[in-house]
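Me: Please take a close look at the charged side chains in this structure. I would like to know which of them pair up and where they sit.

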Amino acid sequence: QVFFRQDESFEIVVRQAPAGPLNASLRPALVDDELLLCDVKRKAGQTQVFNADIDLSRRQAFFFAQGNAVATVSGLWKAISTTANTAQAAFDSVDAILAQHLDAAALAHKAENVSYGPYKFLSGNNVRTNLDKLLDALTSSIPESAGATRIGARFVFGQPKGLSIGTVDSQLVQLLGWLNEHLGAAAGAHNASAIAATAHGFVAATSVQAQLQEIAADLASAAVGQGAALLGSQALGGTPRAVPQTKLRDQLLALLNHLNAHIASPDHDARYARRIFSQAIVLAPATTKTMGILSTIPESLRWAYNLVANGDEPQQPQYHWGPLSPQIQVWVDKDDASGTRLWARNNSNTRLYLLVNAYALD
């Protein structure tokens, strides 16, 4: 037989607050040594209480005994504190353990104790094992299973090239192929207008295309400071005349000045004839033609001929004495009105390219 002994007794008390306006009446005050079960709202003339009239928001907890008054047996506990063998001490210890665990301050789960089943290429059954396998897979450099083959990559639009949807590995292979193709291209790799270039010297443009056009235009120009005036040239040594290192135009000017000074100077060797006339013409068969007017009477006339092709272009060789030389005549006549006239005649049946030189002795 089991006998129950009643150690405590209780009674239910109903307290009524003063009547008040609709939805504005006051609730009864709480009373010491009493536990509030609920508040009930009644309207004037109401004879029944419904669930909607019962308010549990102020209900008070029931304490039959304090936790520190309830003994516990802690002999088999492994984590809960045993400093006091009471229910309250056990609850406090559990709360502290749970707080540290939830805040990750201490007592966190070990990764190997957290279940995680196999998924795709992860074959372990806990978090620790699968994390190790994931890191090993991502850092692998084995060609068939390199880490980059495990990472997906979306489609990337671009012009003229775009990356296909796939993996990081496949997109890297695409990029490397395009790069090698670009670097090995013999032509058409870049538009010259798309390659930047720094302005330098007399070139002010800032792209390869524009600089090339500017250089070509400047070198072809006959304007002051353009053309040959932009080209440098090394020193030209010689005796008795030399040209220093400078721009090409300045060297040409120096040569012209040397030549003009030489022509007017007495530094010719009188033992040699001076050429006073040189001209080439195309002479038809059985034709006589004036070669030009000479300022002085020459002491010597020399000529050579070439056969001509279509367009009257001279053909090699040049004959200083050839099969047709006896049929070529060159002479001068004194003309009182205009000076000394130089003539040439082709007595052959062949169209000839004729070069005539006249020499005088100073």
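Reply: The chain carries 28 positive and 30 negative side chains, and the centres of these two sets are 8 Å apart. This is a predicted model. Searching the whole structure gives 8 salt bridges.

One of them joins Glu34 to Arg15, with 2.6 Å between the closest N and O atoms. Both residues lie in the segment before β1, so the pair ties together parts that are 19 residues apart in sequence. Glu34 is partly exposed at 29% relative accessibility, and Arg15 is partly exposed at 46%.

Another salt bridge is formed by the side chains of Asp55 and Arg27, at 2.9 Å from N to O. Asp55 belongs to strand β2 (residues 54-55) and Arg27 to the segment before β1, so this pair connects parts 28 residues apart in sequence. Asp55 has a relative accessibility of 25% and counts as partly exposed; Arg27 is also partly exposed, at 45%.

Arg58 forms a salt bridge with Asp39, where the closest N and O atoms are 2.8 Å apart. Here Arg58 sits in the loop between β2 and α1 (87-102) and Asp39 in strand β1, 19 residues apart. Arg58 is partly exposed, with a relative accessible area of 25%. Asp39, at 10%, counts as buried because the cut-off for buried is under 20%.

How values were computed: Residues are numbered from 1 along each chain as its sequence is written. This is a predicted model: local features need pLDDT of at least 70, side-chain atom pairs count only at pLDDT 80 or more; totals for chains, interfaces and linings use all residues. Side-chain values use heavy atoms; hydrogens and water are left out. Lys and Arg count as positive and Asp and Glu as negative; His and the chain ends are not counted. The place of a charge is taken as NZ of Lys, CZ of Arg, CG of Asp or CD of Glu. A salt bridge is a side-chain nitrogen of Lys or Arg within 4 Å of a carboxyl oxygen of Asp or Glu. Helices (H or I, at least four residues) and strands (E, at least two) are DSSP runs, numbered from the N terminus. Buried means under 20% relative accessible area, exposed over 50%, partly exposed in between (1.4 Å probe, protein chains only).
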